[in-house]
Amino acid sequence: MADVAAFAPSPPAPSPLAPGDVAADALLAPWPMSPWPAPLRHGDDRRPNPLFAILPLSALAIGLVLLVAVAVILVLTRRGRLRLAGAVVSVDGDKPGGAPASSCGSSARNSHNARCYPASGCMYGGRLGPLGLAAAQPRSRGAQVFTYRELERATDGFGEGNVLGRGAYGVVYRGRLGDGTPAAIKRLQLDLRRQGEREFRVEVDLLSRMHSPHLVGLLGYCADQSHRLLVFELMPNGTLKSHLHRPAAVATDSQEARSPAPPPALDWQTRLCIALDCARALEFLHEHTSPAVIHRDFNCSNVLLDHNYRARVSDFATAKVGSNKANGQVLTRVLGTTGYLAPEYASTGKLTTKSDVYSYGVVLLELLTGRVPVDTQRPPGQHVLVSWALPRLTNRERLVQMVDPALKGQFAVKDLIQVGAIAAMCVQTKAEYRPLMTDVVQSLIPIVKKSPVMSCSSTPARPLQHVVYMSPLQKQASVAGKAS
Ligand SMILES: Nc1ncnc2c1ncn2[C@@H]1O[C@H](COP(=O)(O)OP(=O)(O)OP(=O)(O)O)[C@@H](O)[C@H]1O
């Protein structure tokens with residue numbers, strides 16, 4: 001009877017029905033839908049159904065098993081993610097199968113300010129297939145969301161004194177974020193047709209997912225009402241253009257116009273390091289992302305230099321995520337900068353990663369010669385850098401003569417010939433003959449490494465101790481300089 005007492009219901013509340021009515025009521029509907037057996041009623045002397053004891057216990061056991069299963073799945077998923085993230089980081093290294101120069105393991109030690117995010121959402125990172133990684137990774141981690149007021153405070157109310165430069169889509173200000181981080185804050189000018197909105201979205205979308213030490217980092221953004229701002233890592237040494245083409249930069253860059261003295265010309269070693277950094281940036285976009293990203297506006301004002309003159313590629317406003325079609329072509333309206341456009345892209349709008357390779361070749365020529373891509377002030381035949389340089393790149397004597405006079409002959413002719421050959425390949429008229437950026441990287445690595453003062457992370461703005469090459473004219477000038 002003890003069993004019966006245990007399952008006996010509490011005394012019924014006083015009922016408005018007569019005793020006979022209660023019985024009739026119970027007969028009509030004894031919990032018809034319930035899976036549980038009906039409890040014994042007063043005066044019922046049948047033994048209780050044993051299911052009463054078994055079912056709650058089995059439910060408890062099933063619950064426990066489910067909990068353990070969920071916990072195991074969570075642990076396995078997390079391990080898998082970490083492995084994927086490790087692979088993302090390792091794709092950007094020097095050694096084909098070894099530890100990457102800029103991997104997380106070495107990034108803290110490297111003085112070139114390498115950044116990587118082992119657990120961040122690098123949707124496009126790694127040769128890991130287009131969808132698997134995208135599905136496994138969170139969308140974004142690094143980019144913070146700022147309010148307009150925060151960025152207004154960071155730039156002293158967007159004061160003219162903080163202007164770093166002006167681009168087609170807006171003004172870039174130097175700023176200091178609330179936590180003290182220096183930043184370059186780009187305030188986009190949206191016109192009535194909200195032009196600039198697409199560019200804003202593309203930059204946020206791509207840069208918050210792609211992380212490479214060779215791309216400028218997006219710290220955050222602001223989309224407060226009609227304001228659109230992008231917050232980048234500050235690159236203290238500005239654009240490559242401002243170092244290579246000083247007079248043009250002074251005319252357009254108010255910040256640098258106020259600088260007391262122009263910085264010394266970039267030396268040969270620094271130029272080689274910049275060339276390699278840029279090649280790695282494009283290699284990352286083309287080969288280590290899926291689908292490939294085509295920068296579409298690679299030029300020397302989109303190459304920014306950090307405090308060690310290490311280069312990072314910026315400005316993804318017009319970047320295009322390549323198609324997965326077999327021929328890898330994207331048909332698009334022609335955007336980009338005069339003098340850097342690949343001929344097939346300029347004439348037909350057919351965009352491929354090889355269009356970026358051509359633009360890279362032009363930048364390489366600028367590094368070698370110190371000339372701008374198009375200069376109508378020069379004598380006839382010398383207006384367009386590529387057409388002027390191409391026949392000279394394969395002739396040793398003429399190649400040496402075309403080198404930037406600011407280098408004062410301080411370069412190794414052997415290296416020059418090799419770099420000239422790479423440039424010649426990149427600016428070939430036929431896109432299919434141009435190399436892949438991976439090939440360019442692999443060709444540049446030994447040239448950069450074998451240099452006697454090789455240290456891409458050292459401060460470069462100092463003359464080399466040894467003169468590797470000096471033309472007779474330069475020798476004369478040097479002797480005259482020393483004598484005076
Ligand atoms: N992260 C940064 N750190 C330091 N300076 C920067 C940074 N980003 C941009 N700048 C400065 O701001 C200028 C304008 O940059 P922005 O990206 O808006 O235009 P651009 O690339 O020069 O030209 P366009 O957008 O028309 O192609 C640059 O030339 C550079 O001087």
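## Salt bridges

A salt bridge is a side-chain nitrogen of Lys or Arg within 4 Å of a carboxyl oxygen of Asp or Glu. This is a predicted model, where local features need pLDDT of at least 70, side-chain atom pairs count only at pLDDT 80 or more, and totals for chains, interfaces and linings use all residues. Residues are numbered from 1 along each chain as its sequence is written, and side-chain values use heavy atoms, leaving out hydrogens and water.

By this rule, the count comes to 11 salt bridges. E197, R201 and R228 are linked in a network of them.

Let's start with E197 and R201, whose side chains meet in a salt bridge (3.5 Å, N to O). Both lie in helix α7 (residues 197-207), 4 residues apart, about one turn of the helix. Helices (H or I, at least four residues) and strands (E, at least two) are DSSP runs, numbered from the N terminus.

Now for accessibility: buried means under 20% relative accessible area, exposed over 50%, and partly exposed in between (1.4 Å probe, protein chains only). E197 counts as buried because its relative accessibility is 12%, whereas R201, at 56%, is exposed.

## A pair between strands

The side chains of R312 and E233 also form a salt bridge (2.7 Å, N to O). R312 lies in strand β9 (residues 311-313) and E233 in strand β6 (residues 229-233), so the pair ties together parts that are 79 residues apart in sequence. R312 and E233 are both buried.

## An enclosed helix

G370 follows α13 and has a positive phi, near 75 degrees.
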